[in-house]
Amino acid sequence: MIHPAHIKVKALLAASPAGQEVTVKGWVRTKRGNKQVAFIAINDGSTINTIQVVANPENFDEELLKSITTGACIRVTGKLVESLGSGQPVEIQATEIELYGASDPNTYPLQKKGHSMEFLRDIAHLRPRTNTFGAVLRVRHAMAFAVHKYFNDRGFCYLHTPVITGSDAEGAGEMFRVTTLDMNNPPRTPEGKIDFNQDFFGRETNLTVSGQLEGELGAMALGDIYTFGPTFRAENSNTPRHLAEFWMIEPEMAFYEIKENMDLAEDFVKYLVSYALENCADDLAFFNQMYDKELIDRLKMVVENDFIRMTYTDAVEIIVNSGQKWEFPVSWGSDLQAEHERYLVEKHFKKPVILTNYPKKIKAFYMFQNEDDLTVRGMDVLFPKIGEIIGGSQREHRLDKLTERMAEQHIAEEDMWWYLDTRRFGACPHSGFGLGFERLILFVTGMGNIRDVIPFPRTPRNAEF
Ligand code: 4AD
Ligand code: MG
């Protein structure tokens with residue numbers, strides 16, 4: 001069966017109506033009307049908006065019209081005309097309707113009334129058909145595209161780092177094991193331990209927590225690289241900001257010290273937020289209206305202001321002297337929690353903040369050590385409503401300093417020989433950072449829970465779909 005090429009709803013809504021014949025294909029959002037006329041709203045995912053189809057019941061089979069219910073998939077061919085009703089510029093006067101797939105109104109879970117986010121998580125296979133998730137997924141796409149555009153325009157090379165690795169980049173031990181051994185009856189060594197020598201890779205492997213270490217290898221040859229891929233953390237944190245599987249963007253740059261690293265991080269997130277403001281206006285207007293009246297102002301605030309830059313030590317002083325009550329009290333040396341980070345950004349400065357020079361005890365082994373022997377050149381970018389959106393550092397490129405730190409953290413040199421080789425052969429100062437992609441999407445959409453900005457969230461006790 002051949003029928004006319006269809007046009008996306010987004011293009012139709014922007015077209016000038018002159019009675020031309022058009023075909024649209026999509027899913028019915030609503031149908032209303034009476035014996036004289038039926039109004040069908042169709043959405044095809046190209047935009048948050050629907051196109052209105054007007055059908056005269058005299059021209060169509062009664063059974064066909066009956067089967068056009070919320071959720072059904074149809075093709076409509078008709079004339080594109082100026083809309084008489086308010087709320088849309090154009091509508092289609094239907095001449096042909098074809099039902100692709102019916103949708104039983106008694107069992108289709110998405111009804112016109114608003115559904116709770118929790119309910120929609122349980123039907124994550126259907127939630128892309130809601131206004132909210134359609135908008136989230138379009139913004140997510142736009143941000144992924146903008147990430148590649150930003151780096152491509154600046155001569156960075158997209159490096160694909162492995163998903164399965166033998167190393168724990170962050171040294172935090174929060175890894176998912178990858179194995180093909182029979183869990184019920186694993187081979188044993190003479191000492192009774194599991195014999196990973198007989199495993200698929202002949203060694204213990206896990207899903208990567210970060211592509212950084214391999215990214216550094218790339219930067220030591222290509223200069224400026226970035227990774228953009230899934231990362232995995234088996235941390236048992238059930239918070240609105242943590243996923244067990246999330247996407248991370250990790251640029252790594254030869255010859256950058258901490259100052260240039262901060263400059264790039266600030267420029268990069270500002271670019272992404274401006275890109276969203278320019279290219280996702282309909283979807284952002286929807287979020288602003290439905291969820292968060294301050295969203296667009298907050299996005300503009302980030303684009304228009306210089307980020308505050310200060311040391312961890314100064315930040316701790318502000319937090320300690322704030323007179324606030326904290327769930328986790330802070331003193332020099334303690335890790336900052338989201339409550340402290342958000343206080344700095346939302347209450348104290350009212351701007352994004354970049355903190356640097358963290359105590360070495362709370363940071364990973366690879367960060368550049370300062371003269372004071374206490375702090376390292378780590379940096380975290382803190383955002384309103386999110387807290388930490390970026391974590392990064394200048395890297396320790398001095399072999400002796402690096403191995404010293406590894407020894408202190410009980411990281412075996414034999415396991416990291418390839419990483420250490422970059423410090424043996426042509427080492428140079430270099431830096432990088434990681435942007436949590438879902439945290440960016442949380443910020444840009446104003447959504448409240450990270451489970452609602454990724455199509456199929458993976459969190460403790462949840463891996464459906
Ligand atoms: O601060 P993190 O752990 O830093 C690294 O992994 C470095 N290797 C990055 C680098 O320097 N190349 O993670 C970086 C960012 C965080 O700032 C946060 O935005 C995000 O990744 N992130 C998570 N996002 C969602 N769920 C989680 N469980 C996350 N853990 C970190
Ligand atoms: Mg971090």
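## A walk through the predicted model

Phenylalanine 200 sits in the loop between β8 (177–178) and β9 (205–207). This is a predicted model. At 59% relative accessibility, phenylalanine 200 is exposed, because the cut-off for that label is over 50%.

Now turn to the ligand. Ligand 1 is surrounded by 24 residues. The closest are Glu170, Gln212, Glu235, Glu250 and Glu388. By class, the shell splits into eight nonpolar, eight polar and eight charged residues. Three strands each supply at least two shell residues: β11 (245–254), β15 (387–394) and β16 (430–436). The largest share comes from β15, with five residues.

Polar atoms of the protein reach ligand 1 in several places. In the side chain of glutamine 212, an N or O atom lies 2.7 Å from a nitrogen atom of ligand 1. Leucine 243 uses its backbone: a polar atom there is 2.9 Å from a nitrogen atom of ligand 1. Glycine 391 also brings in a backbone N or O atom, 3.3 Å from an oxygen atom of ligand 1. How much of ligand 1 does the protein bury? Taken alone, ligand 1 exposes 630 Å², and the protein buries 93% of that.

Next come the charged pairs. Side chains of opposite charge can pair when their charged atoms come close. The count here comes to 24 salt bridges. One of them joins glutamate 252 and arginine 395, with the closest N and O atoms 2.8 Å apart. Glutamate 252 lies in strand β11, and arginine 395 in the loop between β15 and α11 (399–408), so this pair ties together parts that are 143 residues apart in sequence. Both partners are buried.

Glutamate 257 and arginine 377 form another salt bridge, at 3.7 Å from N to O. This pair links distant parts of the chain as well. Glutamate 257 is in the loop between β11 and α6 (258–279), while arginine 377 is in strand β14 (residues 375–383). The two are 120 residues apart. Is glutamate 257 buried, exposed or partly exposed? Its relative accessibility is 36%, so glutamate 257 counts as partly exposed.

Aspartate 380 pairs with lysine 363, the closest N and O atoms being 3.4 Å apart. Aspartate 380 is in strand β14, and lysine 363 is in the loop between β13 (353–359) and β14. They are 17 residues apart. Aspartate 380 is buried, because its relative accessible area is 4%. Lysine 363 is buried too, with a relative accessible area of 15%. Salt bridges also join into a network, which links Lys259, Asp263, Glu266, Lys270 and Arg309.

Helix α11 holds threonine 403. The relative accessible area of threonine 403 is 16%, so this residue is buried. A polar atom of its side chain lies 3.1 Å from the backbone oxygen of aspartate 400.

Which residues have a positive phi without being glycine? Most residues other than glycine have a negative phi. Lysine 350 is in the loop between α10 (338–349) and β13. At 54% relative accessibility, lysine 350 counts as exposed. Arginine 461 is another case, with phi near 65°. Arginine 461 lies in the segment after α13 (437–445). Its relative accessible area is 87%, so arginine 461 is exposed.

One last stop is glycine 85, in the loop between β4 (73–82) and β5 (90–101). Glycine 85 is partly exposed, with a relative accessible area of 35%. How far apart in space are glycine 85 and leucine 213? From C-alpha to C-alpha they are 59 Å apart, and in sequence they are 128 residues apart.

Terms used. Residues are numbered from 1 along each chain as its sequence is written. Chains are lettered from A and ligands numbered from 1 in the order in which they are written. This is a predicted model: local features need pLDDT of at least 70, side-chain atom pairs count only at pLDDT 80 or more; totals for chains, interfaces and linings use all residues. Side-chain values use heavy atoms; hydrogens and water are left out. A residue is near a molecule or strand if one of its heavy atoms lies within 4 Å of it. A polar contact is a pair of N or O atoms within 3.5 Å; within protein, one must be able to donate a hydrogen and the other to accept it, and residues adjacent in sequence count only if both atoms are side-chain atoms. Accessible areas come from the Shrake-Rupley method with a 1.4 Å probe; for residues, only the protein chains shown count as cover. Helices (H or I, at least four residues) and strands (E, at least two) are DSSP runs, numbered from the N terminus. Ala, Val, Leu, Ile, Met, Phe, Trp, Tyr, Cys and Pro count as nonpolar, Asp, Glu, Lys and Arg as charged, and the others, Gly among them, as polar. A salt bridge is a side-chain nitrogen of Lys or Arg within 4 Å of a carboxyl oxygen of Asp or Glu. Buried means under 20% relative accessible area, exposed over 50%, partly exposed in between (1.4 Å probe, protein chains only).
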